[in-house]
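Please walk through the model shown here with attention to charged pairs, interfaces and surface. The text below goes from one topic to the next.

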Amino acid sequence: MSASEPSVPPLPRAESADIALLLEGTYPYISGGVSSWVHQIITGFPDLRFAVVFLGSRPEDYGPIRYELPPNLVHVEAHYLFDAAERPAQRTLRTDQAAFTHVKALHRYWQEPDNVPAGTDPQALFGAVVDRFDDQLGEAHFLRGDQAWQHLCEQYEERCTDPSFVDYFWTVRTMHAPLWKLKRIADKLIPVKAFHTVSTGYAGLLGAMCKRRHGRSLVLSEHGIYTKERKIDLFGARWIADNRSVLQRDLTELSYFRELWIRFFQGIGRACYESSDQIIALYEANRRRQVADGARGERTSTIPNGIDIARFSPLRALRPDAVPPVLCLIGRVVPIKDVKNFIRALRSVINQMPEAEGWIAGPENEDPAYAEECKLLIASLGLQDRVRFLGFQRLTELLPKVGLVVLSSISEALPLVLLEGFAAGVPAVSTDVGSCRQLIEGLDDADRAIGASGRVVGLADPKALADAAVELLSDPAAWQRASDAGVERVHRYYSLELMLGRYRAVYERALTWQASVSS
Amino acid sequence: MNPLQFLLALVLEAGAAALLWMGERDVVRLGAYLGVHALACAVLAVTLYPLLPARLRRPPLAVLALLFSLAFFIPFLGLVALLLAVLVMRMLPVGELDTHFRLAAPPEFLLSVREPARLFRGLSIRQLLTDVHAAAPLRTRALNAIASKPARIAGDLLRKLLSDPLEDLRLVAYGLLDTQEKALRARISEQSARLEHLSAEPHASPASHAELLRHLAELNFELVYQSLVQGDVRDLTLAQAIEHAEAAIRLDPGDGGLRQLLARMHLEQGDTDRACDDLIRATEDGLPDNRVLPYLAEMAYRRGDWASVRTLMQRIDPLTVTPRMAALVRYWHASQTAGERP
C-alpha cells in the first residue's frame, strides 16, 4: 500500500496527455488494491504523461484525495454519475423513427448476443446509437420522446415478468441516466494518445465512447471481473423490487428488475470488450471469463501484478528471531474480505495457541455497519483482548511484527498484500479465491518446484483456516520453508520490473495503433 | 300518519256502506256507493303512501294504484288490512337489506408459462447443484430455487457450494448463508444490549430479566439449530445458549418449556444424561408428555435401545402432534417385533 496522508491539492489540469486512465470509484479518492496498482503504473512510467478521469456516484460519497499525485499525472477530472442534474423541458418530443431503430437493434443484440442475424456488426450498432447521443437520440428523446415511450411500453408487455409498470419505468430510467453524462465527458476530454480503463462498467463504457469519439486505442486491464462482481451485488441487493404474486413467481427466476440490471452491466461490459484493442487479465481464469463475456480471445492476455521488492526486502532483517504469533489480515474491513471468517478462525487459533493475536490492518470507514458487525462478533466470541483493529497502517512498519498474512476473502483477483508479505518474508494463509492458489502453491511446474509459500484453505471454513495457521506458527521449520519459498517466488515472477516491462509493450502497441490509424 | 286524513277515509267508507245498506238497492245507489268508496280508497292510498319505506315507494303511481286497488276491491277488509300492515311495519325493527357487498367476478387463475417438470430435466436440485459438470445457467437457477429455504434445510448444500469451481455460485451461496447469520447476530446484539441495560436498573423485575435471558438462549440456539455456526464457534455459541438458559431457569425455576429447550441444547452437545434429567424435570414442571416424549425417544434411539423407543412412542397420541411426527408415531405403533431395529 503506497497511499500517503490525505492532502487536498487543486486538481491538476493540462491541455493534453499521453494516456487517459478511466477509473470508476478508485484512484485517487479511494485507497486499496486497484488504486495502489494505478499509482504504481503512473509512477512506473515517468516518461509518459497521464490524465485520470475519475467516475464516482455522488460527491458526498468520497473524501479527499488519498495519494500524493505523481508529477507525470498532469490532468485529473472527477465526475459524479448520480449527482442531481438539470432535466430537459417537460414536453413530448418526436424522435426520428429511423434513428430509433438503431436503439432497438442494439437492445436486441444485448438481450441475445448469441442469436443475432448474420452479418451484424456490434461495433457499428453501438456506434450508430452513441453517435446520435447529441441530437436524434439525445437525453431529451430518452426522457420525453414518443419512440422511447412506445419502445418502453412494448418491451414491458413483451418481456417484463413483474406486474408493476411504474417500477419498470423508473428502473429503466435510473439505469440509463448516466449514459448521456458519459458521452459529454467523452466529448470534452482533453486530447490524449490512448485510453486505458481498469474495469468494464461505466468506466469501460466511457472507454468505448472515447475510442469512438477520438479514434484512439483502448486498453482494458481488469483486476476482478466487474460484471461478475456487479452480478453478485445485485443478487443480494435489497433495494430492487419484486412485485410478483405467489402465483406469478417462478422460484428459479430472479426478479425481472434484478435480471434487467445484470443484463445492463453485461451489455455495457460487452460494449467495452468489443471496443478494446488489448484486454488484460491478472490470471488465466479471469482471461477465460472475459472471453466468455464477449472479449475476443486474440485480444486477451494475462499480466500478473508486481511489487516493488526493494521496498520490502530490507524488512526481513528487521524480523525478530522467533516467529511472532500474530495473524494479520491486511485489507479494507468490507464484506468481500470476509473479516468475520478471520475472526471465527481466531477463536479456534486461540483455543490451540492462547498466546496468538489477530490484527486487522485496514480502513474501517468504507462499510461502518460491517465493521460494527465484526466488532460485535469479536465480543460475542470473547476475543476483545486478542483482536486489534489497527486502521490504515504502513506495511513497512507492520510486516516485520507479523507472523502470518491471512486473507479470508470470498473474492480476490491477485492480491498485492500476499506478494508484499512474501517479499518481507511473511508466509500467508489464504482462502482459495482468485489467483491465491497460484501465488501460494505456484502456477507451472517450475513455479511449483519452489514449494508452498503458505497454505490455501476453502472458503468460509474457519476451522481449516485456523488449523493451517496453527500448523505454520507452531512449526518454525515449516514456517521458514514457506517464507523462503515466498521470497523466491516473488523475486522470480512478481516483481514490479516484470509487470512494468509487460505494460510498456502494451502502451507501445496502443500508441502505435494510433500512429498507424492517423497515418 | 295524518289522523284526520285517515278519519276522513273511514268516514267516507262508512258513508259508502250506509248508502249501500240503507234505502233502495238500485243501480244509481250502487253507482253512488262505488263513487264514495273510490274516494275513500283514494284518500286512504294518499294517507298510507308517505308511511311506506323509501325503497317501496317507487314507482309512485304504481304503488298508489296498488294501495288503491287493495282497498277498493276488498271493501272495508282491505282498508283494515292495509292499516294493520302499516302499523306492524312501523313497529317491527328495520332489517338491513341494503348490503355493501357486491358479487365480484372470480379471479383469473394465473399459471407460469413454463412447466416446472422440465426445469431441471428431471434432476433433483441437490443433484444438479452438486454436479460441477452441469451447465452453469441451470445450476444458477437451481440455486435461485433454494435461496428462500431456511439454512436448516439448504445450509449443507450451500456450504458445499462454497468450494464450487464456479465463482458466481460460490459467492451467492456465501451471501445467502451470511445474510441469515447476520440477521440472527443482529437480534442477539440487540437483546444483549437490552439485557445490559436491564442489569443496570436496580428495580428491574426478575420476570423481564428471565424473559430476556430466555430470548438470548433461543437466539443463540437458533444459530446452532440452523447450522449457521461450525467448529469452535458452534461450541462457544452452544455454551452461551446454555449459560443464558440456565440463568433464566434460576430466575424462573418453574418454566418447563425452558427446561425442554435446555435439554435440546444438551442433546446438541452430546450430553444425553443431562438432557434426560432436564426432560424429566420439564415434565415435573408441567410440560405435556407430547413435548417431552419425542426427545426421550430420540435419546433411546441414539443409544440403540429400540424397545424403549417403541414404549415411549406408543405413549404419544398421533392426533396431538404434527403430521410429520404423527407419521413416526404411527410407524412405531405399528411395529410389532420388540427388541429389533426397524
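Asp134(A), Lys183(A), Asp187(A) and Arg213(A) are linked in a network of salt bridges, a salt bridge being a side-chain nitrogen of Lys or Arg within 4 Å of a carboxyl oxygen of Asp or Glu. The model is predicted: local features need pLDDT of at least 70 and side-chain atom pairs count only at pLDDT 80 or more, while totals for chains, interfaces and linings use all residues. Residues are numbered from 1 along each chain as its sequence is written, chains are lettered from A and ligands numbered from 1 in the order in which they are written, and side-chain values use heavy atoms, with hydrogens and water left out.

Over all chains, a search of the whole structure gives 46 salt bridges. Within chain A, Asp242(A) pairs with Arg244(A) at 2.9 Å, N to O. Arg244(A) is buried at 6% relative accessible area, whereas Asp242(A), at 29%, is partly exposed (buried means under 20% relative accessible area, exposed over 50%, partly exposed in between, with a 1.4 Å probe and protein chains only). In chain B, Asp255(B) and Arg214(B) form a salt bridge of 2.6 Å, N to O. Asp255(B) sits in the loop between helix H10 (231-251) and helix H11 (256-269) of chain B and Arg214(B) in helix H9 (residues 206-225), so the pair ties together parts 41 residues apart in sequence. Helices are DSSP runs (H or I) of at least four residues, numbered from the N terminus.

The next topic is the interface of the two chains. Here 27 residues of chain B are in contact with 31 residues of chain A, contact meaning heavy atoms within 4.5 Å. Chain B and chain A bury about 2,900 Å² between them, with 57% of it on carbon and sulfur atoms; buried area is the accessible area (1.4 Å probe) that two parts lose on being put together, summed over both. Six salt bridges cross this interface. One of them joins Lys228(A) to Glu167(B) at 2.4 Å, N to O. Lys228(A) lies in helix H8 (residues 226-236) of chain A and Glu167(B) in helix H8 (residues 167-200) of chain B, so the pair joins two chains. Lys228(A) is buried, with a relative accessible area of 2%, and Glu167(B) is buried at 12%. Asp168(B) forms a salt bridge with Lys231(A), with the closest N and O atoms 3.3 Å apart.

Inside chain A, the area buried between domain 1 and domain 3 is about 750 Å², of which carbon and sulfur atoms give 63%. Across that domain interface the rule finds zero salt bridges.
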